[in-house]
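Please look over the model shown here before reading my comments.

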Amino acid sequence: MKDSKYVLSEHRLISKIGMDMDYLAAPVFVTLALATLLLRLVLRWRVGELCHPRLPPGSRGLPLFGETLEFFTASPTLELLPFFKRRLERYGPIFRTSLVGEDLIVSLDPELSTRVLQEEERAFQIWYPPSFMRVLGADSIIAALGPLHRHIRALMLRLFGPESLRLVLLPDVQRSARAELRSWLRLPDVEVRAATSRMIFGVTAKKLISHDDAASEGSLWKCFDACTSGLLAFPLCVPGTAFYRCMQGRRRVMKMLKEQLGARRNEPEREGVDFFDLVIHELDKPESELNENMALDLLFLMLFASHETTSIGLTVILKFLTDNPKALQELTEEHENVQKRAGADPDSDEITWEEYKSMKFTSHVIHEALRLANIAPVVFRKTIQDVQINDYTIPQGSKVMICSSAAHLNPKVYENPSVFNPWRWKDILEPVGGSKNFMAFGGGLRLCVGADFAKLQMAIFLHCLVIKYRWEAISGGTMMFYPGLRFPDGFHIKLLPKD
């Protein structure tokens, strides 16, 4: 019979060995579990590529990340972004990728891109990545379909339609541009994008919600400026990132709009009527198609979209004109001729609607700058049925990303496409809306409601600028695409009166 001490020692040894085995088994089990999960993820990733043999060629990149990091890599060139250029050379103008967790069919093909925009609500419908919708609002007009979209669009045209542009917005834009340029004379240094963005935001904020942002030291504009920086940034919502600042800006704006909505509904009848009043009137109609969230998201979107694209466009124009004295000279001569109209006060820079519409070379400059700037670099849609294109099948439910810069930089349409050449538009019919070769304002049912307002603002600002002033570039002016256009160092100028 074994000694009791020996038996106890043996039991302790066996127990210790068992505990050691458990200790070793735990990390092995976790490692095996993670390896199995990763293998399943990779297999599912690969199966997703192989289950539709007639899909366009392409790659989904890395699991989870896809090809997102390369897509957001900065590019200093006006040529087609390297991300698109490499895949165009490898796969052709239609290919697959995965960005920010979304499988996408990418179109660099003008015919397919035009078809996607023109067949909205038949073969395609609006779709944007969740990160976009977090910024712009789940109930934004961007997500509206069918009759509701048409109803909201008609409401917006009451502010941005031709009659309002001619009778109301033209004189307002002239007053704002003159006042802004006078203020620049007192400054040693003006950063063009920020200054024009504040100016344009001031005009639209007054028309939309009767808000005087200058009186509040630009507090509301700062919120929207943060939103602009984050919209096309990597959607990582942690403190310190552009996307986090963007979402913080949205929260502050939506809080203010909601408070103003409640206050307006409780106040007596107002003397002046702005767009907010029109929206409230629509909300209070029996069986209204709008609800409160839709109304607030609509106001947010209009405030957001109405100033940023225009300010970037103006900054690009001033940069190109600075580098191209010949274009600046012809633009100046056109505006001097407008000013010399019969009976005009030589010290006046007031222009009529007819004179604005006569500015042909100005229009060429604006279209050429927008073509190169590619301010809205991508547009998204989703298929609502299987779509056949060439030898490929794009299955129902697929997300499609249109790259407008592929059309704008097509060498078959635009000779030396990365060169600023406004004279090329003398031989090209300028698009009234969108076309397969010019998509700066989108196209189809979703053609930007504020397109004509944006072009009006740019033309009037240029008129007020070149008639009375000249400028010197001080610093900055480098354009970078992330893929959206930015001026990382700004574009700083000194404004001077003409001799």
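The numbered points below take up the strands and then the cysteines.

1. This is a predicted model, in which local features need pLDDT of at least 70 and side-chain atom pairs count only at pLDDT 80 or more, whereas totals for chains, interfaces and linings use all residues. Residues are numbered from 1 along each chain as its sequence is written, and side-chain values use heavy atoms, with hydrogens and water left out.

2. Strand β5, at residues 378-383, is mostly covered, with 5 of its 6 residues buried (buried means under 20% relative accessible area, exposed over 50% and partly exposed in between, with a 1.4 Å probe and protein chains only). Strands here are DSSP runs of E of at least two residues, numbered from the N terminus.

3. Strand β5 runs antiparallel to β3 (residues 124-126), the two being joined by 3 bridges, and pairing requires that DSSP finds at least two bridges between two strands. Within this pairing, Lys382 of β5 stands opposite Gln125.

4. Strand β5 is also joined to β8 (residues 399-403) by 5 bridges, again in an antiparallel arrangement, and Arg381 has Val400 in β8 as its bridge partner.

5. The count of disulfides comes to 0, where a disulfide is a pair of cysteine sulfur atoms within 2.5 Å.

6. As for accessibility, Cys223 is buried at a relative accessible area of 8%, and Cys246 is buried at 0%.

Definitions and conventions
Helices (H or I, at least four residues) and strands (E, at least two) are DSSP runs, numbered from the N terminus.
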